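Try each one before you read its solution.

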Amino acid sequence: MNNDFDQLLQNAAYAGQLLLESGAEIYRVEDTICRICLNYGAQEASSIVLPTGIFVTVVADGRSVSKIVRIKSRGLDIDRIDRINTLSRQSTALPLNDFIAQLRRLAHRPPYSKVSRMAAGALGAGGFTLFFGGQLPDLGCAFVIGGLIEGCSSFLEQHQFPSFFAISLCSALTALLAIGFNQIGAAPSLDALIIGCLMLLVPGLAITNAIRDSLSGDLISGMTRGVEAVLIAIAVALGPGLVMSLWMMLGGNPLW
Amino acid sequence: MVIKLIGAFLAEIGFGVLFNIHGKKLLAAALTGTLGSLIYELVLLGQAGEILAMFLAACGLCFVSEVLARLMKTPVTTFLICALIPLVPGGGMYYTMLAIIQGNTMSALEIGIHTLGCAGALALGIALTSAFFSLSMKKS
């Protein structure tokens, strides 16, 4: 019996880890962990989740067992959140072994391929360039820059480059390319092009989660994510700022 | 405005793929985001301020996201994160930065505070709408 509970605790914490790493809200991670533990026969389960770690304690057979998981990577994978959420709600009707097998399978589900992600980046940048008032020639440039930026940021993420610098680097690259296209006459509306491409880097996830976490009373996480959103916004503005002031300093053609 | 909305829709599809949303949900998320931009543009047409437009658009898209999430049995964030993106004041951030490097402190402050106001209105709209939703869920 003890062995079973060890296994349950491991896997409940693992499900929580997957959720948190995919960008789920704090209350969802806590609820999911407790729901899984209670569904498989624990008498009591409580969990504390922070953006950087998970603490779980399960009481079963009059003994309590705990586990701490340190969370290091944080991304966004909505499909995985959705599937783990559904799986944990079905877990009343599922034997523990099946549950574990399905959880492992979910963890190794591949996301969209690299090429389609780059195409999506291109589409995102292009769409937003139109949205901010760009014209057709700008659209072509935005496709190129968007694809490159997406490839560049996923490359930096893979090599665990510090994320704020990675964002600054990508946004600087955006500005550099956009100025280049503008100077050779391929992109008439520079502002729309730069803003459209920078939208790929804005902190949408951090803002949403900061709001939702603060609302559900997870104040520490709400504050952390709010600060994260501000830092990302600064990092996004820093890159083009640097490139454009260097451009002016080195005596390039005026940009505005 | 039609071109703007088409742009927003295309961009939403791109972002949905980057956030790993699949199938029907991808389409629903993109349409929710487009609806948010539509409300924003319509309110702006009615001579209202940008901050009010942002607030109303956030309320609208959050409402639709909450309803869709219940219909399609999926977490609200599926639609919310994706739909929020077009409203994030990226333009404001950029123009603030531009004013700073031009050494134009007064207009940097002006644009910066306006941008913060927009972000605040966005957050408030979402917070308010989801708070009302959790209230009505607990009653029923």
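**Exercise 1.** At what angle do helix α3 and helix α4 of chain A pack?

*Solution.* Step two: their axes lie 10 Å apart and the angle is about 175°; axes are lines fitted to C-alpha atoms, for helices over the stretch in contact, and angles run from 0 to 180 degrees between N-to-C directions. Step three: α3(A) and α4(A) are therefore roughly antiparallel to each other (angles over 145 degrees count as roughly antiparallel, under 35 as roughly parallel, 65 to 115 as roughly perpendicular and the rest as oblique).

A word on the model: it is predicted, local features need pLDDT of at least 70, side-chain atom pairs count only at pLDDT 80 or more, and totals for chains, interfaces and linings use all residues. Residues are numbered from 1 along each chain as its sequence is written, while chains are lettered from A and ligands numbered from 1 in the order in which they are written.

**Exercise 2.** Which residues of α3(A) and α4(A) meet?

*Solution.* On the α3(A) side, find R80(A), R83(A), I84(A) and L87(A). Contact here requires C-beta atoms, placed from the backbone, within 7 Å. Sorted by class, the contact has four nonpolar, one polar and two charged residues (Ala, Val, Leu, Ile, Met, Phe, Trp, Tyr, Cys and Pro count as nonpolar, Asp, Glu, Lys and Arg as charged, and the others, Gly among them, as polar).

**Exercise 3.** Describe how α6(A) and α8(A) cross.

*Solution.* First, the axes of α6 (residues 136-158) and α8 (residues 190-198) of chain A come within 10 Å and cross at roughly 30°. That makes α6(A) roughly parallel to α8(A). Next, list the contact: D138(A), C141(A), A142(A), I145(A), G146(A) and I149(A) come from α6(A), and A192(A), L193(A), G196(A) and C197(A) from α8(A). Finally, by class these are seven nonpolar, two polar and one charged.

**Exercise 4.** How many residues does each chain give to the contact of chain B with chain A?

*Solution.* Chain B gives 39 residues and chain A gives 41. On the chain B side, the elements with two or more residues are α1 (2-18), α4 (77-84), α5 (90-101) and α6 (105-139). Of these, α1(B) gives the most, with twelve residues. The chain B side divides into 27 nonpolar, eleven polar and one charged.

Conventions:
Helices (H or I, at least four residues) and strands (E, at least two) are DSSP runs, numbered from the N terminus. Two residues are in contact if their C-beta atoms, placed from the backbone, lie within 7 Å.
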